[in-house]
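Dear colleague,

I am passing on the structure below, and my notes on it follow. Please read them with the coordinates open beside you.

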Amino acid sequence: MVASVITARANPLNMLPPLLHAGLTSPQQHATRATSIFITAALDESSSGGWEMWRIHDYFNLVVLVPIITLVVLALAKSASRPAYLLAVVMSVYMVVDGAWIALRPDIVRAPTVLLGHHAATLVLLWHSLTFPSHLKYVAWMSLVEANTLLLIAKRHITRCRAALDVAF
């Protein structure tokens, strides 16, 4: 069940601080390395029955949503359409990948039908914005909901700063 909490020993998030000193120079290298750690740890644990697929999905989202939310903030801060266009493309890819994952493994989320409906509606709105560039300015506002998703997932896995996450949520 999703309500279980990962112990500090098994939590790949505890491996992130050493990444800052691993000689990685760009945010992309940090994200790639962090994703690699999460997937490797998840697969190692899953072969022994320790990790369930929902945890892998959660950690995937924790890694992927941070740059997406960064793009949201950038798109809101700039009036130019370039960040909004990039956000629309990235969000489209994310919605397709996450939607496919949920469709193939509905047991990884509590309400797969609702989430698939959300992903489909989001894809329609993203397609509309990409088709009518004057509407790209709305993509960042529409994508703010992903900050909520990140906080919900983080609250399930991060226990050290739970009060701060509750306030942010």
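Predicted model: local features only at pLDDT ≥ 70, side-chain atom pairs only at ≥ 80, totals over all residues.

Residues are numbered from 1 along each chain as its sequence is written, and side-chain values use heavy atoms, with hydrogens and water left out.

The chain as a whole

The secondary structure of the protein chain comes to eight helices and zero strands, where helices (H or I, at least four residues) and strands (E, at least two) are DSSP runs numbered from the N terminus. Read from the N terminus on, the elements run α-α-α-α-α-α-α-α. Of the 169 residues in the protein chain, 36% are buried; here buried means under 20% relative accessible area, exposed means over 50%, and partly exposed lies in between, with a 1.4 Å probe and protein chains only. Among contacts (heavy atoms within 4.5 Å) between residues at least 6 apart in sequence, 63% join residues at least 24 apart.

Asp98 and its surroundings

Asp98 counts as buried, because its relative accessibility is 3%. Leaving aside neighbours within four places in sequence, Asp98 is in contact with His57, Phe60, Asn61 and His119. Asp98 and Phe60 are 38 residues apart in sequence, and their C-alpha atoms are 9.4 Å apart in space.

His119 lies in helix 5, which covers residues 112-131, and His119 is buried, with a relative accessible area of 5%. With its neighbours within four places in sequence again left aside, His119 is in contact with Met95, Asp98, Gly99 and Ile102.

Ala103 is found in helix 4 (residues 81-104), and at 48% relative accessibility Ala103 counts as partly exposed. The C-alpha atoms of Ala103 and Leu115, which are twelve residues apart along the chain, are separated by 9.6 Å.

At 1.5 Å a residue, the 13 residues of helix 7 should span 18 Å, and the end C-alpha atoms of helix 7 are 19 Å apart, which agrees; the expected span is 1.5 Å times one less than the number of residues. The buried residues of helix 7 are Glu146, Leu150, Leu151, Ile153, Ala154, Lys155 and His157.

How do helix 3 and helix 7 pack, and at what angle? Helix 3 (residues 53-77) and helix 7 pack at an angle of about 135 degrees, with their axes 9 Å apart; axes are lines fitted to C-alpha atoms, for helices over the stretch in contact, and angles run from 0 to 180 degrees between N-to-C directions. That makes helix 3 oblique to helix 7, given that angles under 35 degrees count as roughly parallel, over 145 as roughly antiparallel, 65 to 115 as roughly perpendicular and the rest as oblique.

On the helix 3 side, Trp54, Asp58, Tyr59, Asn61, Leu62, Leu65, Val66 and Ile69 meet Glu146, Ala147, Thr149, Leu150, Ile153, Ala154, Arg156 and His157 in helix 7.

Leu150 has its place in helix 7 and is buried, with a relative accessible area of 18%. Setting aside neighbours within four places in sequence, Leu150 is in contact with Asn61, Leu62, Leu65, Val66 and Ile69, and although Leu150 and Leu65 are 85 residues apart in sequence, their C-alpha atoms are 6.4 Å apart in space. Ala147, also in helix 7 (residues 145-157), is partly exposed, with a relative accessible area of 27%, and Ala147 and Ile68 are 79 residues apart in sequence and 8.9 Å apart in space, C-alpha to C-alpha.

With kind regards
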